[in-house]
Amino acid sequence: MKKALTLAIVTLLVVTLFSCNLFTDTINWYSIILKDQIPDPIYRSGTTLENTSTKLSLILYNVPSHEYPAYVDKCMNEHGYSNDIDSESYYFSASNSSGYRVIVIYNVDSNELQIILEAPEQSNSEPSNALQDISNDNTSNTNEEQSEETSPPENSTPNVTSPEEETKQPDQPSTSQEMVWIPTNGGKKYHSRADCSNMKNPRQVTKEKAIEMGYSPCKKCH
Ligand SMILES: [Zn+2]
């Protein structure tokens with residue numbers, strides 16, 4: 001019975017220790033990307049919720065309450081988090097001159113210290129890029145506008161030529177003198193075809209001219 005009891009106690013101890021190890025991970029501070037921007041916490045058993053180049057969020061377990069003001073003091077005095085301070089009991093939020101903002105929250109009931117660090121919004125550079133893009137768009141737009149401005153003359157030139165064509169077109173019907181063929185060696189008929197009536201070396205003249213010269217229409221081809 002004693003052996004069974006000791007075995008039960010040992011297994012119970014092992015299980016509790018194992019479970020404790022499961023729930024209290026030790027944060028490897030060197031794995032924290034933004035570790036240089038905040039004080040090293042003395043108590044490092046906890047969980048890393050977020051660990052990126054732009055945001056750090058971690059919860060430290062089993063932290064005594066006196067560690068909260070000590071850590072806040074380090075934040076202010078060692079890392080310059082003294083701008084835009086928003087402080088309540090066990091809540092501290094401030095930013096430094098580099099634009100980093102730290103938030104320290106202490107939970108008195110669970111003895112958890114939560115540390116949140118936000119990097120300066122890299123959207124500061126992104127909007128400038130966006131502005132550059134916009135400016136590029138503006139220049140491209142102006143280029144397009146310029147090209148559009150140059151294109152209307154191109155469009156206007158056809159408009160100029162088209163009136164000329166319109167002026168020519170009415171002229172052509174009025175001057176559309178029907179051309180006829182007249183014989184050069186005898187005959188008083190003008191023909192619409194050069195090969196009509198076995199003409200040799202026919203001359204092409206206007207119908208008006210042919211009539212003026214005394215020619216009359218050929219009955220075969222007219
Ligand atoms: Zn004829």
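Setting aside neighbours within four places in sequence, cysteine 75 is in contact with Ile38, Pro39, Tyr81, Ala94, Val102 and Val104; two residues are in contact if their C-beta atoms, placed from the backbone, lie within 7 Å. That residue is a handy way into this model.

A word on the ground rules. Residue numbers start from 1 along each chain as its sequence is written. The model is predicted, so local features need pLDDT of at least 70 and side-chain atom pairs count only at pLDDT 80 or more, while totals for chains, interfaces and linings use all residues.

**Overall make-up**

The protein has four helices and ten strands. Here helices (H or I, at least four residues) and strands (E, at least two) are DSSP runs, numbered from the N terminus. From that end on, the elements run α-β-β-α-β-β-β-β-α-β-β-β-α-β. Of the 222 residues in the protein, 17% are buried. A residue is buried if 20 or more other C-beta atoms lie within 10 Å of its own, exposed if 12 or fewer, and partly exposed in between, with C-beta atoms placed from the backbone. Among the contacts with a separation of 6 or more, 43% link residues 24 or more positions apart.

**The cores**

Nonpolar side chains tend to be buried together in soluble globular proteins. A nonpolar core is a set of buried Ala, Val, Leu, Ile, Met, Phe, Trp, Tyr and Cys residues joined through C-beta atoms within 7 Å. The largest one has 21 residues, of which Cys75, Val102, Val104 and Leu113 touch the most other members. Strand E2 (55–60), helix H2 (67–79), strand E4 (91–95), strand E5 (101–107) and strand E6 (112–118) each give two or more residues to this core. H2 provides the largest share, four residues. Apart from this core lies another, of eight residues, including Ile182, Tyr190, Met199 and Ala210.

H2 has 13 residues and reaches 17 Å from its first C-alpha to its last, close to the 18 Å expected at 1.5 Å a residue; the expected span is 1.5 Å times one less than the number of residues. Which residues of H2 are buried? They are Tyr68, Tyr71, Val72 and Cys75. These residues lie on the same side of H2 because they cover an arc of only 100° around the axis, the arc being that of the directions from the helix axis to the C-beta atoms. On the other side of H2, Asp73, Asn77 and Glu78 are exposed. The buried residues of H2 pack against E4, E5 and E6.

Histidine 79 is also found in H2. It counts as partly exposed because it has 18 C-beta neighbours inside 10 Å. Leaving aside neighbours within four places in sequence, histidine 79 is in contact with Gln37, Ile38, Pro39, Lys74 and Asn96. Just after H2, glycine 80 takes a positive phi of about 70°.

**The six-stranded sheet**

Strands of a sheet pair through backbone hydrogen bonds, either parallel or antiparallel. In this model, an open sheet of six strands has the order E1-E2-E6-E5-E4-E3, with antiparallel pairing; two strands pair if DSSP finds at least two bridges between them. Strand E1 (46–51) and strand E3 (83–88) are the edge strands, each pairing on one side only. Neighbouring strands are turned by 5° against each other on average, direction ignored. H2 packs on the sheet, touching E4, E5 and E6, and its direction makes about 175° with that of E5. Axes are lines fitted to C-alpha atoms, for helices over the stretch in contact, and angles run from 0 to 180 degrees between N-to-C directions.

Six bridges join the antiparallel strands E2 and E6, and E5 and E6 pair in the antiparallel sense over seven bridges. Some bridge partners in E6 are set out here.

| Residue | Bridge partner in E6 |
|---|---|
| Isoleucine 59 | Glutamine 114 |
| Serine 57 | Isoleucine 116 |
| Isoleucine 103 | Isoleucine 116 |

E6 has a covered face of Leu113, Ile115 and Leu117, and an uncovered face of Glu112, Gln114, Ile116 and Glu118. The hairpin of E5 and E6 has four residues between the strands, and there asparagine 111 takes a positive phi near 55°.

**Alanine 194**

Is alanine 194 buried or exposed? Alanine 194 counts as exposed because it has 12 C-beta neighbours inside 10 Å. It lies in the loop between strand E8 (189–190) and strand E9 (203–206). Not counting residues up to four places away in sequence, alanine 194 touches Trp181, Met199 and Pro202.
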